[in-house]
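Here is a short briefing to read alongside the model. Take a look at the sequence and the 3D view, and then we can go through the main points together.

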Amino acid sequence: MSLQDDLTAVRRNLNELVRSVERLEQDIARQSPATPRAPRQEGMVQVPDTPYDSSLWKDADDEGLGARDRRAP
């Protein structure tokens, strides 16, 4: 494949992408404004420094090591 063929293929794909984005924008514009959207939360989420409740991990296995009462191979 020549460089000219590659450039033609890139242009064709770019034009197709532009058309797809335009169709997507039109679809979004036609969406019903009555559909409620969840409010977007901005900013950072505070994570407490206190340790987690150990009962959350009561029946959990250590990933890759198996259960606590058995030996790893």
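Does D27 count as buried, partly exposed or exposed, and at what relative accessibility? D27 counts as partly exposed, at 42% relative accessibility; buried means under 20% relative accessible area, exposed means over 50%, and partly exposed lies in between, with a 1.4 Å probe and protein chains only. Please keep in mind that this is a predicted model, where local features need pLDDT of at least 70, side-chain atom pairs count only at pLDDT 80 or more, and totals for chains, interfaces and linings use all residues. Residues are numbered from 1 along each chain as its sequence is written, and side-chain values use heavy atoms, with hydrogens and water left out.

**Overall picture**
- The chain has 1 helix and 0 strands, where helices (H or I, at least four residues) and strands (E, at least two) are DSSP runs numbered from the N terminus.
- Of its 73 residues, 3% count as buried.
- The accessible surface is about 7900 Å², and 54% of that belongs to carbon and sulfur atoms; the areas come from the Shrake-Rupley method with a 1.4 Å probe, and for residues only the protein chains shown count as cover.

- The side chains of R30 and D27 form a salt bridge, at 2.4 Å from N to O.
- Both R30 and D27 sit in helix α1, 3 residues apart, or about one turn of the helix.
- R30 is exposed, with a relative accessible area of 60%.

**The nonpolar patch**
- V45, V47, Y52, L56 and W57 make a nonpolar surface patch of about 620 Å².
- Patch residues have over 30% relative accessible area and no salt bridge; like charges are joined within 9 Å, and nonpolar side chains (Val, Leu, Ile, Met, Phe, Trp, Tyr) within 5 Å.
- L56 is found in the segment after α1 (3–30).
- L56 counts as exposed, at 55% relative accessibility.

Methods:
Salt bridge = Lys/Arg side-chain N within 4 Å of Asp/Glu carboxyl O.
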